[in-house]
Amino acid sequence: MTAKKAPQVRREEIFDAAIGCFNKNGYHRTSIDDIAAKVGITKGGVYYHFKSKKALFIELFHARVNDYFEKVTPYALDKKDAAEFIRALVKRSEEIFKENQDVLQFCLEFVWMSMRDPDIRKEVTIFYKNRTNAFSRLINAGIEAGSIKDIDSDVVARTLYLLSMGAFMTFYTVNIDFEPVNQHASNIETLFKGIQKRNS
């Protein structure tokens with residue numbers, strides 16, 4: 001008899017299976033049966049942890065996508081010099097992008113769903129506000145340290161968000177003629193060079 005797994009372990013297995021199914025087939029063409037089969041449990045086993053496919057979809061977004069972005073910003077937050085800050089943010093972004101392409105693909109699927117589903121749109125809006133607030137805090141830290149110009153941090157934070165999301169969308173929707181990680185790193189570096197405070 002197979003040993004019963006701890007609920008968090010089973011949830012992670014379901015998340016792993018679900019992200020693979022959603023990325024391969026999309027939300028609407030993925031069923032709970034598909035996810036259960038990939039985990040090796042019954043459909044009821046999935047419903048024990050998640051009340052519906054949408055609930056699983058949303059919780060997966062919370063667990064994986066928010067975690068992805070939380071790995072990026074704290075790494076650069078303690079860098080007071082603007083040049084050092086840029087290098088740290090770009091380096092960490094490159095590493096996490098390469099390690100988490102499945103998460104970014106799922107993020108795009110989730111964002112697309114928000115166009116027609118108000119529940120998911122609400123989650124994406126919260127995500128947007130959290131990300132831009134985090135970026136704004138980073139920029140304000142640089143302003144206070146004297147390494148970044150006295151600028152509107154909210155405007156620059158939105159620019160960072162749009163650059164990031166635009167890079168992901170292009171990567172998964174276009175037959176690209178460039179290396180996406182290098183391009184994204186260049187985008188961020190160019191932006192921060194423009195707002196860096198230069199000593200006279």
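How many helices and how many strands are there in the protein chain? The protein chain has ten helices and zero strands, where helices (H or I, at least four residues) and strands (E, at least two) are DSSP runs numbered from the N terminus.

**View 1. Overview of the predicted chain and its confidence.** This is a predicted model, in which local features need pLDDT of at least 70 and side-chain atom pairs count only at pLDDT 80 or more, while totals for chains, interfaces and linings use all residues. Residues are numbered from 1 along each chain as its sequence is written, and side-chain values use heavy atoms, with hydrogens and water left out. The protein chain averages a pLDDT (the predictor's confidence in each residue, from 0 to 100) of 85, and 86% of the residues score at least 70. Confidence is highest in helix α2 (residues 32-39), at a mean of 97, and lowest in helix α5 (residues 73-77), at 56. Of the 200 residues of the protein chain, 46% count as buried, a term that means under 20% relative accessible area, with exposed over 50% and partly exposed in between (1.4 Å probe, protein chains only).

View 2. On a 1 Å grid over the protein atoms alone, a pocket is an open set of points where a 1.4 Å probe fits, with protein on both sides within 12 Å along at least five of seven lines, and lining residues have an atom within 4 Å of a point. Lys4, Lys5, Ala6, Pro7, Arg10, Ile41, Thr42, Gly45, Tyr48 and His49 line the largest pocket. The elements that give two or more residues to this lining are α1 (7-25) and α3 (43-49), and α3 gives the most, with three residues.

**View 3. Ile14 in helix α1.** Ile14 lies in helix α1 and counts as buried because its relative accessibility is 0%. Ile14 and Gly45 are 31 residues apart in sequence, yet their C-alpha atoms are 9.5 Å apart in space; Gly45 is also one of the residues that line the largest pocket.

**View 4. Arg64 and its partner Glu12.** Arg64 lies in helix α4 (residues 53-70) and, at 15% relative accessibility, counts as buried. The side chain of Arg64 makes a polar contact with the side chain of Glu12 at 2.7 Å. A polar contact is a pair of N or O atoms within 3.5 Å; within protein, one must be able to donate a hydrogen and the other to accept it, and residues adjacent in sequence count only if both atoms are side-chain atoms.

**View 5. Ser52 in the loop between α3 and α4.** Ser52 counts as partly exposed, at 26% relative accessibility, and the side chain of Ser52 reaches the backbone nitrogen of Ala55 at 3.0 Å. Ser52 and Ile32 are 20 residues apart in sequence and 8.4 Å apart in space, C-alpha to C-alpha.

**View 6. Two cysteines.** Cys21 is buried, with a relative accessible area of 7%, and Cys107 is likewise buried, at 2%. The structure holds zero disulfides, a disulfide being a pair of cysteine sulfur atoms within 2.5 Å.
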